[in-house]
Amino acid sequence: MTGRARPLLGRAAEVERLAAVVRGARDGTSGALVLLGDPGIGKSALLHAAAAGAGAAGCRVVEVVGHEAERAIPHAALDRLLRPLRQHVDALPPHHAAALRRAVGVADGPAPDPFLVGLAVLELLAAAGQEQPVLCLVDDAHLVDAESLAVLAFVARRLHAEPVALLLAARDEEALVAATAGVPVLRVGGLPAASAAALLRSALRAPVDPLIATRVAAATGGNPLALIDLAEELTVRELTDTGLRDEPVPLGRHLEAHYARRIEGTAAATRTWLLVAAADSTGDLALVDRACRSLGVGDGAAVGAEDAGLVDLRPVVRFRHPLVRATAYATASGRDRRDAHAALSAAAGAAGSPELEAWHAGEAVPGTSEEVAARLERVADLAAGRGGHLSRARVLARAAELSPPGPARARRRVAAAHAAVQAGAVRLGTALLDEVEDAGLAPVDRARAVATRVTAGVFVAEPDVVVRATAEMLRAAALFHGHDPVREEDALLRAFDYALSAGHLRRDVTLVELGGRLRAAAAERDGHAAGVLAALAALLLDPFGRAVPALRRGLALIQQLDGAAAMPYMLAEVALTTALWDADARRRGLDRSARTARDSGALRTLDTALWTASVAELTGGSPRRAGRLVEGVRELRRAIGYEAELVTNAAHLAWVGAPRAQVEAVGRAAGAAGFGAVESGARSALAVRDLARSRYRDAYAELHAQLAAPFLQVTPLLLPDYVEASVRTGHHDDAHRAAAEMLARADASGSPWARGVALRCRALVSQGPEADESYAASVDVLDTAGVAVEAARSRMLHGEWLRRGRRRAEARAVLRGALAGFAATDATVFADRVTAELRAVGDTGTADPGGPASPLAALTPREQAVARMAARGDTNAEIGATLFISANTVDYHLRKVFAKLAITSRRQLREHLDDD
């Protein structure tokens, strides 16, 4: 691309748009752009112009062109793009450098997550940009392997303050648009009429009437390459006839016939060379020539193709138009095409490229071949080792096509579907599963098919799958039983996880049945998994007091594991810690899971960890931390390319005072998708808000309904709210029963959090000194436990009790403490109630109970996140890895933070911020 640049007719606006991106890189403000348009519309020419401008501005240009045959090789395009910058790899954080080396196949090790590779590339480009601004050009991006495209899209979304620009040109295809979601787009259309007509006239060998030129240009849609090739194909008279007709110019038919005649007019050796080059599509001239020599074609054939204007040989083989490649391939016989692929397979093997060798061997087979299918399966394993789940899926799908009918074909289709779903290609995965023939399928493969279909359905929130996921995973576990104990254990864990998600909407299996299956499996084996399954079974089947020892043993087993080994137990750990009323252990476990997922680049797992933590913080934590975690999920979704503004935690919305209709709508939408836990959580949070607003009857009705149909570790968390609602509505028997149950749970668990709220429950159902002492004890225990919102709620209720006893001075002090606690945790839903109580005891509430406004108020959400992490001592590299941005961008945000806060050091930053 860098080798040529010429003025472009009618493209001033597009050229300026690209030039602005390049100028940003030169000035240290990075940017990215995706150019979308039809073949021949001028995307490559625009990239040439951008490259020329970047070179003149002192930028370094690195470039790559996508090739179809490389789509089966994970990170192939990324490898070629970054080769000129490899000297900067050693400067990366070690785990980033290792991931990048594994991704491009120069180092062995576990398959890297694509997002970890993305962070590595982001840091690599930032490091290279410090030496010289960098412009990355990717042409034919729709032909780039899926793994490279995912990484490039990730980088494009996270560029901010680096001297780097990234331009991708591609056809406007659905898969490409989905992969690059979130990256700015420039749609390249046809040339304006005047420019198109001028281009046509300049390409013609004889003058043509301007009106005819304008009409022909309009009929072609202003496609530059089509205009040039029509000028070569048609005479002025034919163009005049075309321009006088009303119907559109049939470009495809004209150009295809035009290219077919041009190909037919070349020598036989050149035609063979063109066929091999079309079959290859890697653009590797040496590989094509090696294959051609085995077919008896000499080196001069390539030059003949170039002289005919059909290809460009520098720096790689590029066909003039996609129709040239398609025509060269389509006009050959089936035997000739298979011979070309066989030659390419041999050439790729000699060049040490087993992926290409196997792929072309598959294309050379006229029917089925178990030997070639097995070779492709081995290539798929290589793809998996480079983190290429989608490439693995494609190769395995081709291997299945080449397999003779029978179990091997079905097994490969199931494996292909599993890899596709792992890559997020759910539609491809389900389509492959639909082709699987169950006859003769081994139990393990049948189980994998069941589990994969469930994972796919849950991933896209298919309601019927979500609510039956637990039952289906138990079916998969039964099929694994006796054949694959590790996968059986995983299926059982997933069955429990899906039960948590579906909640009361779960279908086809009871919790008792689930618990029985977990207990039976735990009894058959030893080890961590068995202990955790036994704990979950106890949670499902046993009275709480009797279950506690098993819950503690299961939790201890999870806590003994390192981060990666503990990841499969993340939701189980949340369930166990919540059941034991251990908010600190729950937070530590989720923090560990998030840290492990972030370090490994497993961003979808990180998304689950952050989302779960945001929900957990609303019981035993604080709405403030929940809000920060929701913002973290939004930041993560932006990095992945999902719509971040759709991220809403319904329960958090209720806590911060969002309109009731909005909270209910979000909850209903989750329920409609099968996620009953989210729907129930929204209703529970609204019940808490009803308590805060003294709407006791509404709160009682909702809480009573939920306690009548209890669900595992979740429903007991509602007991303190239910006691309050019952007392305020005169349901004293209900209040006493719930308070007694809460006290029993506190005794059994030994949890300070449980003890503190149990004491509040006892105060609510007591009178006189016993109530006074219980409220005070509740506050003391909850303060010591660090459960700030619950402590503030106990202060609020105590203050109201003191006011009713005419102890106004004491009530005032306690209520002001409650208001300060709510303000510090963003539990503002209770503020009006406490303020009203303060006024009733003669406090106007004019003083700010929360103290001075937070210095973070002037900062953006990302600046706040950077400031907090910097204040606690994180390095720029650590902050960047957490927020999925480069260290350069972290430094940029810190400079803005310092300026807004009028400080000059991290030490001063720590002095400005609290550690909430």
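A residue counts as buried under 20% relative accessible area, as exposed over 50%, and as partly exposed in between. In this predicted model, Arg-318 has a relative accessibility of 21%, so Arg-318 counts as partly exposed. Its salt-bridge partner is Asp-139, which is buried at 2% relative accessible area.

**The sheet**

- Five strands form an open sheet in the order S2-S3-S4-S1-S5, with parallel pairing.
- Strands S2 (60–65) and S5 (185–187) are at the edges and have a single partner strand each, so one side of each lacks a neighbour in the sheet.
- On average, neighbouring strands are turned by 15 degrees against each other, direction ignored.
- Strand S1 (residues 31–36) is joined to S5 by three bridges; Val-34 has Val-185 as its bridge partner in S5.

**Helices on the sheet**

- Helix H1 (residues 12–26) packs on the sheet and touches S1, S3, S4 and S5, its direction making about 155 degrees with that of S1.
- Helix H5 (residues 114–131) also packs on the sheet, touching S2, S3 and S4, and its direction makes about 130 degrees with that of S3.

**Salt bridges**

- The whole structure holds 64 salt bridges.
- In the pair of Arg-318 and Asp-139, the closest N and O atoms are 3.2 Å apart; the pair links strand S7 (residues 318–319) with strand S3, 179 residues apart.
- Arg-468 and Asp-508 meet in a salt bridge at 2.9 Å, N to O. Arg-468 lies in helix H24 and Asp-508 in the loop between helices H25 and H26, so the pair ties together parts 40 residues apart in sequence.
- Glu-489 and Arg-525 form a salt bridge, and both are buried.
- A network of salt bridges links Arg-158, Glu-631, Arg-634, Glu-635, Arg-638 and Arg-862.

Methods: Residues numbered from 1 in each chain as written. Predicted model: local features only at pLDDT ≥ 70, side-chain atom pairs only at ≥ 80, totals over all residues. Heavy atoms only, no water. Pairing = 2+ DSSP bridges. Helix = DSSP H or I, 4+ residues; strand = E, 2+ residues; numbered from the N terminus. Axes fitted to C-alpha atoms, helices over the stretch in contact; angles between N-to-C directions. Contact = heavy atoms within 4.5 Å. Salt bridge = Lys/Arg side-chain N within 4 Å of Asp/Glu carboxyl O. Buried < 20%, exposed > 50% of the residue type's maximum accessible area, 1.4 Å probe, protein only.
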